[in-house]
Amino acid sequence: AFAMTYAQEAAYPARHWAHAARTRAIDPTDATFLAEDGDRILGLVGTYRSSDGWFRLVSMWVAPEARGAGIATALTAAVVEWHAAPAPGGRREEAA
């Protein structure tokens, strides 16, 4: 589920999305996971560490034709595993 409507998101200029993609690609507390079948994206989920220290799971989406196949469960598991893994530098990130 998404917190904003398509109309709200579509109002942002292209530079907004380019900045968001660059920032998320280098932020060690931010990640996006995809479920793919060949060159088709069947699902995605985003995650980040918020300013209050909690890890957030955001932007969950699964293609209608792929729903019910366990993709959302697998994406959620990827987020949990990623946050449980040691962070860069060998230390483990802990939620507040």
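**Salt bridges in a predicted model**

A salt bridge here is a side-chain nitrogen of Lys or Arg within 4 Å of a carboxyl oxygen of Asp or Glu.

Some background. This is a predicted model, where local features need pLDDT of at least 70, side-chain atom pairs count only at pLDDT 80 or more, and totals for chains, interfaces and linings use all residues. Residues are numbered from 1 along each chain as its sequence is written, and side-chain values use heavy atoms, with hydrogens and water left out.

How many salt bridges does the structure hold? There are three.

Arg40 has another partner, Glu65, and their closest N and O atoms lie 2.9 Å apart. This pair links distant parts of the chain, 25 residues apart: Arg40 is in strand E2 (residues 40-49), and Glu65 is in the loop between strand E3 (55-62) and helix H3 (71-84). Helices (H or I, at least four residues) and strands (E, at least two) are DSSP runs, numbered from the N terminus.

Now accessibility. With a 1.4 Å probe and protein chains only, buried means under 20% relative accessible area, exposed over 50%, and partly exposed in between. Glu65 is exposed because its relative accessibility is 56%. Arg40, at 38%, is partly exposed, and so is Asp37, at 45%.

The remaining pair is Arg56 and Asp52, a salt bridge whose closest N and O atoms are 2.6 Å apart. Arg56 has a relative accessible area of 31%, so it counts as partly exposed. Asp52 is partly exposed at 42%.
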